[in-house]
Structure formats: C-alpha cells, structure tokens
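Have a look at it, then go through the points in order.

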Amino acid sequence: MIEELTVHAVIEEEIFYPAARGAAPDTKDHVLESVEEHHVVMWMLSELAGMDPKDERFDAKMTVLMENVRHHVEEEEKEWFPEVRKAMGRNRLVELGERLAEAKKTATRDPLKVPSAANA
C-alpha cells in the first residue's frame, strides 16, 4: 500500500499534473490543492512505514489516511478530471497514460522522496 500510493503520487506530480495544467489552465488551483493533499498523505505513509501494526495508534492513523485518500480521489475524479479529459481529448490521454505507466517502473517507493513531501 505504501509503495503503490507513493508511486501514484510521484507520477501524478511529475507527469499528470503538469499536463493537466497545460491543457486546462483553469485546473491550477485544483492541482495545487492536490499536491498539498499528497504532502499530508506522504508524511502519513512515512510514519506508517516505521510503525508496528500493533501500536495503539496504527488503526487510527490508517483510518485518517483512508479518509484523506478517498477525499482526494473523489475531488479529482468529480471536480476537475472531467475538465482535463475534455481539454486533452482521447489521443493525448492515451499517450499520457502510456507515459504514466512507463514512469511507474522507475518512480521512487520512498514517500519522503516524493516532490510534495519535500515541500514542508
């Protein structure tokens, strides 16, 4: 889970968000908010990575993480991804998807090395 969410954040920040802002400049504020949400999630992931699942705070931290991720996904998918889809068109989206898939192979698995995590 930690690696998957980390990789997802990296490729969004390095590839998808710049493409989205370029294609649909009105999404700038949404992108900036998403990066801040990534910041919080990456720090939570780094804490969970070093935490014993038997720690009394582990379940609470996981619950907060899941709430944050659900909120993030819902906002992106409902509020601004439709604008990006419309602005980019099918061919550009397919190309972008290929770039994202390729970038997954070499993306960091360390939450604190995601660009948004460094913006403390």
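1. Start with Glu47: this residue counts as partly exposed, since its relative accessibility is 39%. The labels work like this: buried is under 20% relative accessible area, exposed is over 50%, and partly exposed is in between (1.4 Å probe, protein chains only). The areas themselves come from the Shrake-Rupley method with a 1.4 Å probe, and for residues only the protein chains shown count as cover.

2. A quick word on what you're looking at: this is a predicted model, where local features need pLDDT of at least 70, side-chain atom pairs count only at pLDDT 80 or more, and totals for chains, interfaces and linings use all residues. Residues are numbered from 1 along each chain as its sequence is written, and side-chain values use heavy atoms, with hydrogens and water left out.

3. Which residue does Glu47 pair with in a salt bridge? Its partner is Lys61, and the closest N and O atoms are 2.6 Å apart. A salt bridge here means a side-chain nitrogen of Lys or Arg within 4 Å of a carboxyl oxygen of Asp or Glu. Glu47 sits in helix H2 and Lys61 in helix H3, so this pair ties together parts that are 14 residues apart in sequence. Lys61 is buried, because its relative accessible area is 16%.

4. How many salt bridges does the structure hold? The count is three. One of them joins the side chains of Asp55 and Arg57, at 3.8 Å from N to O. Asp55 is partly exposed at 29% relative accessibility, and Arg57 is partly exposed too, at 47%.

5. Glu102 and Lys105 also form a salt bridge, with 3.0 Å between the closest N and O atoms. Buried or exposed: what is Lys105? With a relative accessible area of 61%, Lys105 is exposed, while Glu102 comes out as partly exposed at 46%.

6. Now for the overall layout. The protein chain has four helices and zero strands, so you can read its elements from the N terminus as α-α-α-α. Helices (H or I, at least four residues) and strands (E, at least two) are DSSP runs, numbered from the N terminus. The radius of gyration is 15 Å, close to the 14 Å that the globule rule gives for 120 residues, so the chain is as compact as a globular protein of that length. That radius is taken over C-alpha atoms, and the rule is 2.2 Å times the number of residues to the power 0.38. The C-alpha atoms fill a box of roughly 45 × 30 × 25 Å along the principal axes, and buried residues make up 39% of the 120 residues.

7. Look at the surface next: Asp29, Glu33, Glu74, Glu77 and Glu79 gather there in a patch of negative charge. Helix H2 (28-49) and helix H3 (58-104) are the elements that give it two or more residues, and H3 gives the most, with three. Glu79 is found in H3 and is partly exposed, at 43% relative accessible area. Patches are made of residues with over 30% relative accessible area and no salt bridge; like charges are joined within 9 Å, and nonpolar side chains (Val, Leu, Ile, Met, Phe, Trp, Tyr) within 5 Å. Asp and Glu count as negative, Lys and Arg as positive, and His and the chain ends are not counted. Each charge is placed at NZ of Lys, CZ of Arg, CG of Asp or CD of Glu.

8. Last stop: Leu112, in the loop between H3 and helix H4 (115-118). Leu112 is partly exposed, with a relative accessible area of 36%.
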